[in-house]
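Hi everyone, thanks for making time this morning. I'd like to walk you through one structure, so let me put it up on the screen.

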Amino acid sequence: MSSSVSPPEPTRDTDSLNLTRRRVLAAAGLTAGAVVLPAATAVAANNGPSGGPAMRHPDDPPAPEGGLPALPSAGVVTLNRASFGPAPGDLAAFEALGGDDASRIQAWVAQQLNYQSIPDPELTARLNQANFESYGVSNDPDTLLATLWDWYDQGNAPGGNSSSGVPRDEMTRATWMRVMYSKRQLHEVLADFWRDHFNVYINHSSWARITYQHLDLILRQHQMGNFRDMLEAVARSPAMLYYLDNYTSSDDGPNENYCRELFELHTLGAENYLGVLQQHQVPTDGQGRPVGYVDADVFEAARAFTGWSFHYGNNDDDSGLFLYRPSWHDRFQKNVLGVFLPQDQADEKDAKDVLDALAEHPGTGRHLARKLCRRLISDHPPQSLIDTVAALFSAQWQAPDQLQQVYEAILTSDAFRNTWGEKIKRPFEVVGSALRAGAADFTLLMDDGDTSSFLWRYDDTGQELFNWPAPNGFPDVLGAWKSMTPRVACWRICNWLIEFDDDNGDYYLDVVGQTPGGVRSANELVDFWVDRIFGRALPTDDRTDLVEFMAQGFNPDFDLNLGDEDTALRLRALVGLMFMSPEFLWR
Amino acid sequence: MTTRRGFITGCSAAVAAFAGTNFNTVAFGDPNGTNEDILISVFLRGGIDALNFVLPIGGVDRGHYEAARPEIMIPTAGANAALPLGGIFGLHAGADTVDNGNPAPATLYDLYQDGHLALVVAAGMHEDNRSHFDSMNFMELGTPGTLTTPTGWLTRHLATANNLPPEITMPALAIGNLQQAALRGSTETVNMTSPDSFSLQVGPWQWRDAQRTTLRSLYNGSSWLHQSGYDTLDAIDIIELNSDGGYTPANGAVYPGGSLGDHFETLARMIKMDLGLRVATIDYGGWDTHEGQGENGGGYFLSHVETLSRALAAFYTDLDGSGANNYTSRVTVVVQSEFGRRLRENNDRGTDHGHGSMMMVLGGNVNGGVHGTWPGLANGQLFDGADLAVTTDYRRVLSEILIRRMGNPYLGEIFPGYTSYSPLGVVSGPDLPPIYGPEIFADGFESGDTGQW
C-alpha cells in the first residue's frame, strides 16, 4: 500500500476557497428579466380563457440546465420515484415483468396498487422482532385511537411508561423499517406523500404524539381509495382537529384555522384563493361554481365545522374518539363556495356538504393532480398530463378507487418514464435508498443506543420524520432541497452508515461481507457496487474516480486482500463515496 | 480565478447591449467604497400577534383594544404589565425578562431604552392575503402578488451591491435546515445550523482525506448539483479551518436554551470568524396563535416573546465589543412576520390571521424609538373591518436599511414595482437617490427555479 500516490487532481480551479460570487451574479441576471410585476387585479388574472381560473403559480417550464444525467432504464426510474430505491433483486424482478418498458411499468404498477396481495414477510418479521407496545396494536382506527388514548393520555400503558414519546418513537422506527423492508413500496411512497399533504406536526403536543399513529393509519387505509372519504376521515381525526384548533370551535366564535388550511392546502390550493373579495364578486364557471374561494368562504366553512370535536377532558367520556357537539354548532344558514346550507340541517351535514363541494370542485382536481405529479415525476410536469389527471380526479370523485385510477394515470404516462434528474432525493429518500441498496440488516428498536444514534444523525438532515411544524408539510420542490445543510448532513450519515456496527462489531450495512468472493480487483469491486447501488453504469469520469480511489495507484486489475483491515476500510469508504455522489441523488 | 469585478467587466458588452444606459454606474461603482455592514433578516413565521407585542396602553385605542381582547389583553399594571415606550405605546413584558439563573447584562427593553431598537407599528404588506405561505413568499421574494420570482430580495441585494470586494469568502448565511425564500436562487449562500456539524469528519479516518479528494472530483461537473456540491465542499473546508471547537459568547451574553438561541449564537460565531459575511437569515416559528395564546400577558405568547427577546439581546451583547470587536456598529437586524393577527380575539383565547403587523430593527446605527403611523383601532380605521391597517410598507423599512446601511440604491432590482421610497428614519446613514430604473441585468439568461413550497 502506497500512501504517496495521490488521487487524481480535479480539473476545476481549486486555488481558492472563496465561494465564487460569479454564479450568483449570473443568477441575479436571470432575475431581473424574469420578475413579473404583480397583477393589478387578482380576479382578472385568475379568470382563464376557459372560464376556469388560470393558476396563480404558473410553474414555468424548467430552464435547460447543463450536465443533467442521461435517462436510465425504466426500472431505475420507476424504483427511484415510485419506491424508496432498488434493494438487491428489485431491478431483476422489474425486468422480468414484461418484454418492454411500457408493459413492465404497467405490470409493476398493477402489482403495487393491489398492495394487499403482496406478501411482506420481512417487514412482518422486523416489526415482530421490534416488539412494539403501541405500533400496530390494531388495524381498526377507532380501536387503535381509543387504546393509545387510554394508554398514553389516561396513563394506563401496559409497560408502565405512559409517555407520549412511546407511540411517537415507535411510529418513527416502524416507518423506517417499512421503507427499508416492505415490498409494498408504492404504498410507502404514497403514505409519505399523504402525511405531507395532511401534515400534522408530531411534536406540536402530547396529543399529537398520541394520535399520530391513528392519522397515519387512516391515510394508509384511504390512500388507495377515494379522496372525499380520506378528507372526511382526516377532518374527524383528533390529530387534525387538535393541531388546527377545530376541536373547540363553536358558535360562540368559530376558529378559522382548520378551514383556512382545508381550502388552501388540503383541497383547492392557494392558486384558487382570491383573497378578500366578497363571495358575489367571484366569477363562476359554466356550471355555476365560483372559480375560486375567498376569505368569506373560509369563515362560512368554519361556521359549518363548529361542533366537530373529540372526547377529551374530565367532563366527557375521555376516549379521544371523534365527537360531534350539537350544542356548539352554528345552526343558521351558510353559504360556502356557492353552496347554500339552510339552517338546522342534520348533525354533521353542514360540514359534509362543504367537503362534498371541495372534493368535487375542479380546482381541487388540479391542485391534487399537480402535487401528485410533482412528487412522482418532477416540479414541472407537462401541463397536458396535469390536465388529464385533474380531469380524471374530478370525474371520478365519487369512485371508490378514484385515487388508484389517478396514480395509474401518472405512473403509466410517458412523462413518468421519460423524466429523470429534474429533482433530487429528499433526505428521507437518500438515507432510505442507501439502506435499501446496501441491504442493511437493521431492526430499529426502542431503548436501543444504536437506533438512537442513527436517528439522531439522520435528524440533522432537516427532514426529521413527522416534524415539519407548519401545516403545509415538508417542501416538495427542488429549490427547497438545494441548500447545503441537507447535503452535508446526508453525506455525514451516509459515510457513517458504512461504519455503523453493533456491540459485537457486526456491521449493520456489511459492505465487505456482501462482496462476493470472486470480486476482488478495484475494477471488479467498483463495478459490483456500482451495479448494486445505482443499477446502471456511471458516467465514465465518475467510474474512473472511484476505481482510482480503490486502486490507490496500483493496477486496478490486481486482486486486493479484503482480509487486510485497511483495504476493507477502503472498500467501505468506496461505498460511502457512492452514497455521497451526485449520481446517487438524482431521481 | 474569476473575480466579481472581472465577471462584471467580462460580460459588460452583452449586458450593455440589452440593458443600455444604466450599466456603467453599476459596473464601475466607487472602487473605494467597500461596505462592511451586515444585514440580518429574522422572520417570525406564523404571523406574530403584533397587537400584543407593541400595543396601546393609553388613549382611545386602549379602550378599543380592551373591548376586543377581554381575555388576552396585555395589562398596564401589575404582573406582566406592558413596558412603557413613550406615548400611547407599550411593549410586551417578555422583552424585559431575564433568566434568573444566568442574568444577562442587557434585555431587549434595555436596548430599546439605550436607543438601539426601533419599533415600526402598523408595518406590513398591502396585499390582501391571509395565507401564511403566500404572504411569506410575497415578502421574502420581495414581489408582493407574485410567487414565481426566481430569486429572493436578499439574493438580488447581493447581486446588485456594487460596493463589495471582488472576492468574499462567505457573503451569505442562512441559519437553519433549509434556505429561506429571501435567499432563493443564491448560489453563494452557505446554509447551516451549527459549524460543529458542518464538517466531513465522519467515516474511516484513514481514508477521509482521500475520500474528500475523490468527492471533489465526483462533484466536478457542469450540472447545478455538481456545482452546488463543489461549493459545499469549499464551505466545509472554510468552516473546518475556522471553527477550532467551542465558542464562548463575549461580554457575558447568555443565549436562551433552544434552537433560536443556538442559531443566534451560531450567527455571532460566524460573524466573528471574519469570513466577510454580509447578509444572514434566521427563522423563528410558532407564532400562529389561534388558540390559548395566554391571558394577562402570560402563557405561551409570553414565553415565546421572552425567547425571542433574550436571543436578540444576547446576540447584540455578544457582538457589542470595542475596536475590532465592535460588530454592532456594522450589524442591522430586521425582524418581520408575514402578517399580524385580528384585533378581536377568538373564542379560543387566540387570534386569527390578520393584516397589519410590526417590524423591529436592532443595531448600532438604529434610531431607537417607535416609528410609523398608527392607523387607529376604531371600526372605521380597521382593514377589512377587522384588522390593524398597514401604514408602512415593509419594503420601505428594508429599503432604508439597504440604502443607508448597505449603500445599495438599486430598489428597482430588489423590489421591482416599488417606486415610492422615502426614508422613515429607523437607521442612520447617508441617503442615496433610489434607482428604480432599467434592469441592469436584463440579459435574457435562463430563468431559475420557480417552484413553490
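I'll talk about a strand in chain B and then a helix in chain A. Please keep in mind that this is a predicted model.

Let's start with strand β8 of chain B, which covers residues 279-284. Is this strand enclosed or open? Of its 6 residues, 5 are buried, so the rest of the structure largely encloses β8(B).

Now for its partners. Strand β1 of chain B, residues 38-44, pairs with β8(B) in the parallel sense, and 6 bridges link the two. If you want a spot to look at, find Phe43(B), which sits opposite Asp283(B) of β8(B). Strand β6 of chain B, residues 172-175, also runs parallel to β8(B), joined to it by 3 bridges. Here you can look for Ala174(B), whose bridge partner in β8(B) is Thr281(B).

Over to chain A, and helix α10, residues 206-222. Its 17 residues span 25 Å from first C-alpha to last, close to the expected 24 Å. Where does α10(A) bend? At Tyr212(A), by about 40 degrees.

In general, we describe two packed helices by the angle and the distance between their axes. The axes of α10(A) and helix α8 of chain A, residues 165-181, come within 6 Å and cross at roughly 40 degrees. The two helices are therefore oblique to each other, and the crossing of α8(A) and α10(A) is left-handed.

Thanks, and I'm happy to go back to any of these spots.

Note on methods. Residues are numbered from 1 along each chain as its sequence is written. Chains are lettered from A and ligands numbered from 1 in the order in which they are written. This is a predicted model: local features need pLDDT of at least 70, side-chain atom pairs count only at pLDDT 80 or more; totals for chains, interfaces and linings use all residues. A residue is buried if 20 or more other C-beta atoms lie within 10 Å of its own, exposed if 12 or fewer, and partly exposed in between; C-beta atoms are placed from the backbone. Helices (H or I, at least four residues) and strands (E, at least two) are DSSP runs, numbered from the N terminus. Two strands pair if DSSP finds at least two bridges between them. The expected span of a helix is 1.5 Å times one less than its number of residues. The bend at a residue is the angle between axes fitted to the seven residues ending there and the seven starting there. Axes are lines fitted to C-alpha atoms, for helices over the stretch in contact, and angles run from 0 to 180 degrees between N-to-C directions. Angles under 35 degrees count as roughly parallel, over 145 as roughly antiparallel, 65 to 115 as roughly perpendicular and the rest as oblique. A crossing is left-handed if the near helix is turned anticlockwise from the far one by less than a right angle, and right-handed if clockwise.
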